[in-house]
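Colleague: I have a few questions about this one. Can you put it up and take me through it?

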Amino acid sequence: MDSIDKLLAELKAEYQEQKPQQQQPKPISAKPMSMQRKSESLIDSLLAEVKADFEQKDLAEKLQRQQEQEQERIRQEQLKAKKLEELKKQAKDWLAKLDPFSSEGLWFERFAEGYPSKLEAAIEYLQTNE
């Protein structure tokens, strides 16, 4: 937005610089003054319109970026959930194959004591060993 304000200020300054160069002896009538005010008013309204257009475009781009970020966040969550489901399946398979009387089985029993379920312990174990 600073660039828009800067551009508007430059245009206004340029316009005001050109005004003194174009001055000629003015008749005392009120018509030229009112025409000058109208042209200044027209330029000001055009500049305001351009500024509003830029602000609207900036807002639209910001909203689009927010939507894209939200979609990416949702996609990441879906990938995470899918990976967790795959890990649960692997953990169930691993638990089914685990011999509880083997050294690994005995170690796992102690390891699993700190978890709410053996499945959660197996998931953690498999995640750290990937």
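Modeller: Start with a helix pair: in α3, E104, W107, F108, E109, F111 and A112 meet K118, A121, A122, E124 and Y125 of α4. Contact here is heavy atoms within 4.5 Å.

Colleague: What is the angle between α3 and α4?

Modeller: About 110°, with the axes of α3 (residues 103-112) and α4 (residues 118-128) 9 Å apart. That makes the two helices roughly perpendicular, a label for angles of 65 to 115 degrees; under 35 is roughly parallel, over 145 roughly antiparallel, and the rest oblique. The axes are lines fitted to C-alpha atoms, for helices over the stretch in contact, and the angles run from 0 to 180 degrees between N-to-C directions.

Colleague: Before I go on, what kind of model is this?

Modeller: It is a predicted model: local features need pLDDT of at least 70, side-chain atom pairs count only at pLDDT 80 or more, and totals for chains, interfaces and linings use all residues. Residues are numbered from 1 along each chain as its sequence is written, and side-chain values use heavy atoms, with hydrogens and water left out.

Colleague: How many helices and strands does the protein chain have?

Modeller: Four helices and zero strands. These are DSSP runs numbered from the N terminus, H or I of at least four residues for helices and E of at least two for strands.

Colleague: What percentage of the residues count as buried?

Modeller: 12% of the 130 residues. Buried is under 20% relative accessible area, exposed is over 50%, and partly exposed is in between, with a 1.4 Å probe and protein chains only.

Colleague: Which residues form the largest nonpolar core?

Modeller: There are 11: L87, A91, W94, L98, F108, A112, A121, A122, I123, Y125 and L126. α4 gives the most, five residues. Such a core is a set of buried Ala, Val, Leu, Ile, Met, Phe, Trp, Tyr and Cys residues joined through side-chain atoms within 4.5 Å.

Colleague: What does I123 touch?

Modeller: L84, L87, K88 and A91, leaving out residues up to four places away in sequence.

Colleague: And where is Y115 found?

Modeller: In the loop between α3 and α4. Y115 counts as partly exposed because its relative accessibility is 27%.
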